[in-house]
Amino acid sequence: MVRRPVAWVTAIVLFVEAVGIAWVNWFMGIVVERQDMSLAGLDPDVMSTSSKVAGLVFGLYFALCGFTALRVGLRDRAPAGLGRILLISAAVVHALLGAFAVGLVGWGAFAFMMVVLGLIVLLFMTYDRLEAARPDAKPDPGPAGSGDAGGPGSAGGAGGSGSAEGSGSGVLPPPPAPSVP
(Lines give C-alpha, C1' and ligand atoms only; values in the text may rest on other atoms or scores of the structure.)
Protein backbone atom coordinates (compact mmCIF):
# COMPACT_ATOMS: atom_id res chain seq x y z
CA MET A 1 0.00 0.00 0.00
CA VAL A 2 2.21 2.74 -1.30
CA ARG A 3 -0.54 5.01 -2.65
CA ARG A 4 -1.21 7.14 0.41
CA PRO A 5 2.43 7.68 1.44
CA VAL A 6 3.29 8.77 -2.12
CA ALA A 7 0.44 11.29 -2.06
CA TRP A 8 1.47 12.61 1.36
CA VAL A 9 5.15 12.92 0.43
CA THR A 10 4.17 14.66 -2.81
CA ALA A 11 1.98 17.08 -0.85
CA ILE A 12 4.75 17.84 1.65
CA VAL A 13 7.32 18.41 -1.10
CA LEU A 14 4.93 20.70 -3.00
CA PHE A 15 4.19 22.70 0.17
CA VAL A 16 7.91 23.10 0.89
CA GLU A 17 8.50 24.08 -2.72
CA ALA A 18 5.68 26.64 -2.53
CA VAL A 19 7.29 28.32 0.46
CA GLY A 20 10.74 28.11 -1.16
CA ILE A 21 9.62 29.61 -4.48
CA ALA A 22 7.75 32.44 -2.74
CA TRP A 23 10.73 33.19 -0.48
CA VAL A 24 13.32 33.16 -3.32
CA ASN A 25 11.24 35.48 -5.51
CA TRP A 26 10.55 37.80 -2.58
CA PHE A 27 14.27 37.89 -1.77
CA MET A 28 15.13 38.61 -5.41
CA GLY A 29 12.60 41.44 -5.40
CA ILE A 30 14.28 42.95 -2.35
CA VAL A 31 17.73 42.61 -3.96
CA VAL A 32 16.57 44.32 -7.16
CA GLU A 33 14.90 47.06 -5.13
CA ARG A 34 18.04 47.80 -3.10
CA GLN A 35 20.41 47.78 -6.07
CA ASP A 36 18.59 50.65 -7.74
CA MET A 37 19.76 49.58 -11.19
CA SER A 38 17.72 49.05 -14.32
CA LEU A 39 17.89 46.19 -16.76
CA ALA A 40 17.44 47.29 -20.39
CA GLY A 41 15.69 50.47 -19.27
CA LEU A 42 13.11 48.77 -17.01
CA ASP A 43 12.14 50.53 -13.81
CA PRO A 44 13.67 48.79 -10.74
CA ASP A 45 10.47 49.27 -8.75
CA VAL A 46 8.46 47.49 -11.44
CA MET A 47 10.97 44.61 -11.55
CA SER A 48 10.92 44.34 -7.76
CA THR A 49 7.14 44.36 -7.55
CA SER A 50 6.74 41.88 -10.40
CA SER A 51 9.23 39.50 -8.78
CA LYS A 52 7.34 39.63 -5.49
CA VAL A 53 3.96 39.14 -7.18
CA ALA A 54 5.31 36.25 -9.27
CA GLY A 55 6.66 34.64 -6.10
CA LEU A 56 3.29 34.86 -4.43
CA VAL A 57 1.43 33.56 -7.48
CA PHE A 58 3.76 30.59 -7.98
CA GLY A 59 3.78 29.92 -4.25
CA LEU A 60 -0.01 29.81 -4.17
CA TYR A 61 -0.04 27.63 -7.29
CA PHE A 62 2.32 25.06 -5.77
CA ALA A 63 0.44 25.24 -2.44
CA LEU A 64 -2.81 24.50 -4.29
CA CYS A 65 -1.12 21.56 -6.04
CA GLY A 66 0.12 20.38 -2.64
CA PHE A 67 -3.39 20.67 -1.22
CA THR A 68 -4.67 18.59 -4.13
CA ALA A 69 -2.07 15.88 -3.46
CA LEU A 70 -2.93 15.99 0.25
CA ARG A 71 -6.61 15.59 -0.56
CA VAL A 72 -5.78 12.60 -2.78
CA GLY A 73 -3.91 11.02 0.12
CA LEU A 74 -6.69 11.68 2.62
CA ARG A 75 -9.52 10.44 0.39
CA ASP A 76 -7.47 7.60 -1.14
CA ARG A 77 -9.00 8.28 -4.56
CA ALA A 78 -7.47 9.48 -7.81
CA PRO A 79 -7.64 13.22 -8.49
CA ALA A 80 -10.43 14.26 -10.81
CA GLY A 81 -11.43 17.40 -12.63
CA LEU A 82 -9.54 20.54 -11.65
CA GLY A 83 -7.26 18.65 -9.26
CA ARG A 84 -6.12 16.34 -12.03
CA ILE A 85 -5.47 19.31 -14.33
CA LEU A 86 -3.50 21.08 -11.58
CA LEU A 87 -1.27 18.08 -10.93
CA ILE A 88 -0.69 17.46 -14.64
CA SER A 89 0.26 21.11 -15.12
CA ALA A 90 2.60 20.88 -12.11
CA ALA A 91 4.28 17.87 -13.72
CA VAL A 92 4.75 19.79 -16.97
CA VAL A 93 6.09 22.83 -15.08
CA HIS A 94 8.60 20.66 -13.22
CA ALA A 95 9.74 19.01 -16.45
CA LEU A 96 10.31 22.41 -18.07
CA LEU A 97 11.96 23.89 -14.97
CA GLY A 98 14.22 20.85 -14.77
CA ALA A 99 15.30 21.34 -18.36
CA PHE A 100 16.08 25.02 -17.75
CA ALA A 101 17.69 24.35 -14.36
CA VAL A 102 20.47 22.22 -15.86
CA GLY A 103 21.94 25.15 -17.74
CA LEU A 104 21.10 27.95 -15.33
CA VAL A 105 21.52 26.49 -11.85
CA GLY A 106 23.12 23.06 -12.14
CA TRP A 107 22.50 19.37 -11.79
CA GLY A 108 21.30 19.59 -8.18
CA ALA A 109 18.30 21.72 -9.13
CA PHE A 110 17.64 19.42 -12.09
CA ALA A 111 17.68 16.39 -9.77
CA PHE A 112 15.23 18.07 -7.37
CA MET A 113 12.84 18.95 -10.22
CA MET A 114 13.00 15.40 -11.55
CA VAL A 115 12.29 13.96 -8.09
CA VAL A 116 9.18 16.13 -7.78
CA LEU A 117 8.15 15.22 -11.33
CA GLY A 118 8.65 11.56 -10.48
CA LEU A 119 6.53 11.87 -7.35
CA ILE A 120 3.67 13.47 -9.29
CA VAL A 121 3.86 10.82 -12.02
CA LEU A 122 4.03 8.06 -9.40
CA LEU A 123 0.95 9.52 -7.71
CA PHE A 124 -0.95 9.30 -11.00
CA MET A 125 0.32 5.81 -11.78
CA THR A 126 -0.60 4.30 -8.43
CA TYR A 127 -4.09 5.76 -8.37
CA ASP A 128 -4.81 5.11 -12.05
CA ARG A 129 -3.92 1.46 -11.54
CA LEU A 130 -6.33 1.41 -8.59
CA GLU A 131 -9.14 2.96 -10.64
CA ALA A 132 -8.53 0.58 -13.55
CA ALA A 133 -8.82 -2.42 -11.24
CA ARG A 134 -12.15 -1.38 -9.72
CA PRO A 135 -14.45 -2.22 -12.69
CA ASP A 136 -12.99 -5.75 -12.80
CA ALA A 137 -13.70 -6.26 -9.11
CA LYS A 138 -17.50 -6.25 -9.47
CA PRO A 139 -19.07 -9.10 -7.49
CA ASP A 140 -20.64 -11.94 -9.45
CA PRO A 141 -24.45 -11.88 -8.98
CA GLY A 142 -24.62 -15.67 -9.19
CA PRO A 143 -24.54 -18.01 -6.20
CA ALA A 144 -21.23 -18.40 -4.41
CA GLY A 145 -19.16 -21.38 -5.46
CA SER A 146 -21.38 -22.41 -8.38
CA GLY A 147 -18.49 -22.12 -10.83
CA ASP A 148 -20.68 -21.53 -13.89
CA ALA A 149 -20.54 -18.45 -16.06
CA GLY A 150 -24.29 -17.91 -16.06
CA GLY A 151 -24.56 -18.43 -19.80
CA PRO A 152 -27.39 -20.18 -21.64
CA GLY A 153 -27.84 -23.82 -20.77
CA SER A 154 -26.00 -23.62 -17.48
CA ALA A 155 -29.11 -23.91 -15.31
CA GLY A 156 -29.02 -27.72 -15.43
CA GLY A 157 -25.85 -27.89 -13.35
CA ALA A 158 -24.05 -31.09 -12.43
CA GLY A 159 -27.06 -32.68 -10.75
CA GLY A 160 -29.22 -32.57 -13.88
CA SER A 161 -32.28 -31.45 -11.93
CA GLY A 162 -33.01 -28.59 -14.32
CA SER A 163 -33.50 -26.00 -11.57
CA ALA A 164 -31.15 -23.12 -10.96
CA GLU A 165 -29.50 -22.83 -7.58
CA GLY A 166 -30.78 -19.92 -5.54
CA SER A 167 -33.86 -19.45 -7.70
CA GLY A 168 -35.67 -17.78 -4.80
CA SER A 169 -33.07 -15.04 -4.42
CA GLY A 170 -34.58 -12.77 -7.04
CA VAL A 171 -31.24 -12.22 -8.81
CA LEU A 172 -31.40 -12.85 -12.53
CA PRO A 173 -28.32 -13.76 -14.55
CA PRO A 174 -27.25 -11.18 -17.12
CA PRO A 175 -28.65 -11.66 -20.64
CA PRO A 176 -26.28 -13.24 -23.15
CA ALA A 177 -24.25 -10.84 -25.25
CA PRO A 178 -25.49 -10.52 -28.85
CA SER A 179 -23.18 -12.10 -31.39
CA VAL A 180 -22.04 -9.98 -34.32
CA PRO A 181 -21.67 -11.85 -37.64
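The structure is a predicted model, in which local features need pLDDT of at least 70 and side-chain atom pairs count only at pLDDT 80 or more, while totals for chains, interfaces and linings use all residues. Residues are numbered from 1 along the chain as its sequence is written, and side-chain values use heavy atoms, with hydrogens and water left out.

The chain holds 4 helices and 0 strands, where helices (H or I, at least four residues) and strands (E, at least two) are DSSP runs numbered from the N terminus. Followed along the sequence, the pattern reads α-α-α-α. Of the 181 residues, 25% count as buried. Here, buried means under 20% relative accessible area, exposed means over 50%, and partly exposed covers what lies in between, using a 1.4 Å probe and protein chains only.

Helix α1 (residues 3-35) packs with α2 at an angle of about 175°, and their axes are 8 Å apart. The axes are lines fitted to C-alpha atoms, for helices over the stretch in contact, and angles run from 0 to 180 degrees between N-to-C directions. Helices α1 and α2 are therefore roughly antiparallel to each other; on this scale, angles under 35 degrees are roughly parallel, over 145 roughly antiparallel, 65 to 115 roughly perpendicular, and the rest oblique. The contact of α1 with α2 has 25 nonpolar, 9 polar and 5 charged residues. In this grouping, Ala, Val, Leu, Ile, Met, Phe, Trp, Tyr, Cys and Pro are nonpolar, Asp, Glu, Lys and Arg are charged, and the others, Gly among them, are polar.

Charged side chains come next. Side chains of opposite charge can pair when their charged atoms come close. The count comes to 3 salt bridges, a salt bridge being a side-chain nitrogen of Lys or Arg within 4 Å of a carboxyl oxygen of Asp or Glu. One of them joins Lys 52 and Glu 33, with 3.2 Å from N to O. Lys 52 lies in helix α2 and Glu 33 in helix α1, so this pair ties together parts that are 19 residues apart in sequence. Lys 52 is buried, at 16% relative accessible area, whereas Glu 33 is partly exposed, at 40%.

Asp 76 takes part in a salt bridge with Arg 3, the closest N and O atoms being 3.6 Å apart. This pair links distant parts of the chain, with Arg 3 in helix α1 and Asp 76 in the loop between α2 and α3, 73 residues apart. Both Arg 3 and Asp 76 are buried. Asp 76 also meets Arg 4 in a salt bridge, at 3.9 Å from N to O. With a relative accessibility of 34%, Arg 4 counts as partly exposed, while the value for Asp 76 is 18%. Through shared partners, salt bridges join Arg 3, Arg 4 and Asp 76 into one network.

The backbone of Asp 76 deserves a look as well. Most residues other than glycine have a negative phi. Phi of Asp 76, however, is near 55°, a positive value in a residue other than glycine. The loop between α2 and α3 also holds Ala 78, which is buried at 19% relative accessible area. The C-alpha atoms of Ala 78 and Phe 124 are separated by 7.3 Å, although these residues are 46 apart along the chain.

Attention now turns to the second largest pocket, with about 310 Å³ of space. On a 1 Å grid over the protein atoms alone, a pocket is an open set of points where a 1.4 Å probe fits, with protein on both sides within 12 Å along at least five of seven lines; lining residues have an atom within 4 Å of a point. Grid points are joined across faces, edges and corners, and the volume is the space filled by probe spheres set on the points. The lining includes Ile 21, Phe 58, Phe 62, Val 93 and Met 113. By class, the lining has 11 nonpolar, no polar and no charged residues. Helices α2 (44-75) and α3 (82-104) each supply at least two lining residues, and α3 gives the most, with 6. Val 93 sits in helix α3 and is partly exposed, at 23% relative accessible area.
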